[in-house]
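I opened a new page to keep track of what I look up.

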Amino acid sequence: MNIAESVNTIYKQIETAALDAGRNPEEVKLVAVTKTVDAETARLVLEAGCPVLAENRVQSFLEKYEVLGDAPEWHIIGHLQTNKVKYVVGKVSLIHSVDSLHLAEAISKRAEALGITQDILLQFNISGEESKSGASEEEAEALLASVSTLPGIRVCGLMTMAPLDATETETRAIFSGLRELLYKLRQKHYPNTDLKELSMGMSNDFEAAVKEGATLIRIGRSLFR
């Protein structure tokens with residue numbers, strides 16, 4: 001496993017996909033998902049030129065944070081329970097997976113207590129797949145309207161996942177659906193929002209995501225195989 005080679009390969013794939021879509025590759029940030037590796041392997045990703053690390057589980061994040069501290073830009077991308085909010089707010093730059101007002105309220109309360117503003121993304125289940133987390137597209141305006149009134153939170157964009165068995169056509173439709181939803185919500189001019197990020201695309205479909213406007217792609221398996 002050569003981490004530096006893997007990082008370089010993915011950056012080249014991002015560049016090709018972005019240029020094919022008429023985009024600037026610098027608009028796309030690689031988020032390295034380190035859930036399957038230890039802290040020292042994660043450190044190699046930083047040294048290879050990828051400054052953003054992400055974890056699905058809070059416990060895994062805390063273990064790596066103890067070793068790596070604030071050297072990476074940390075993101076949480078997995079389902080976040082309200083009782084775990086206190087362990088990540090103020091330590092991570094971005095929480096991708098806020099899918100309910102209840103969770104947003106817990107984040108707001110913790111951020112207020114710390115005197116900070118926590119950046120978040122709202123997660124939507126564009127595909128409608130039952131096993132996927134995320135609010136429904138129909139809930140989008142009501143959810144954002146409520147979350148945007150909370151102190152200590154800034155909504156920076158949206159996140160989704162496509163089914164693993166989806167065709168490329170189906171995957172691109174899901175990603176374009178999230179992009180269109182972002183554009184729609186931007187027109188409403190909600191407070192405490194800066195709707196510029198689209199977190200979509202993983203190892204199996206990130207090139208399609210880049211072509212559909214992703215600004216954050218979450219890559220794990222392709223980095224560490």
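**Entry 1: isoleucine 217.** I looked up its contacts, where contact means heavy atoms within 4.5 Å. Leaving out residues up to four places away in sequence, isoleucine 217 touches Ile14, Val28, Lys29, Leu30, Val31, Met200, Gly201, Phe206 and Val210. This is a predicted model: local features need pLDDT of at least 70, side-chain atom pairs count only at pLDDT 80 or more, and totals for chains, interfaces and linings use all residues. Residues are numbered from 1 along each chain as its sequence is written, and side-chain values use heavy atoms, with hydrogens and water left out.

I found isoleucine 217 in strand E8. Helices (H or I, at least four residues) and strands (E, at least two) are DSSP runs, numbered from the N terminus. Is isoleucine 217 buried or exposed? It counts as buried, at 0% relative accessibility. Buried means under 20% relative accessible area, exposed over 50%, and partly exposed in between (1.4 Å probe, protein chains only). I also checked valine 28: its C-alpha is 7.4 Å from that of isoleucine 217, though 189 residues separate the two along the chain.

**Entry 2: nonpolar cores.** A nonpolar core is a set of buried Ala, Val, Leu, Ile, Met, Phe, Trp, Tyr and Cys residues joined through side-chain atoms within 4.5 Å. How many residues are in the largest one? I noted 65, and Ile107, Leu122 and Phe124 have the most contacts inside it. Beyond its neighbours within four places in sequence, isoleucine 107 is in contact with Leu80, Val85, Val89, Ile95, Val98, Gln118, Ile120 and Ile153. A second, separate core has 10 residues, among them Val31, Val33, Leu94 and Met159.

**Entry 3: salt bridges.** I searched for a side-chain nitrogen of Lys or Arg within 4 Å of a carboxyl oxygen of Asp or Glu, which defines a salt bridge. The whole structure has 10. Glutamate 27 pairs with arginine 23, with the closest N and O atoms 3.2 Å apart. Glutamate 27 is partly exposed at 42% relative accessible area, whereas arginine 23 is buried at 14%. Lysine 64 and glutamate 55 form another salt bridge, 3.0 Å from N to O. Both lysine 64 and glutamate 55 are buried.

Glutamate 212 forms a salt bridge with arginine 179, the closest N and O atoms being 2.6 Å apart. Glutamate 212 lies in the loop between helix H7 (206–211) and strand E8 (216–219), and arginine 179 in helix H6 (residues 168–186), so the pair ties together parts 33 residues apart in sequence. I also noted a network of salt bridges that links Glu141, Lys184 and Lys188.

**Entry 4: helix H6.** H6 has 19 residues. From first C-alpha to last it reaches 27 Å, close to the expected 27 Å. The expected span is 1.5 Å times one less than the number of residues. Its buried residues include Ile174, Phe175, Leu178 and Arg179. What covers the buried residues of H6? Helix H5 (140–147), strand E6 (153–159), strand E7 (193–199) and H7 are included.

**Entry 5: cysteines.** I looked for disulfides, pairs of cysteine sulfur atoms within 2.5 Å. I found 0. Cysteine 50 is buried at 0% relative accessible area, and cysteine 156 counts as buried at 7%.
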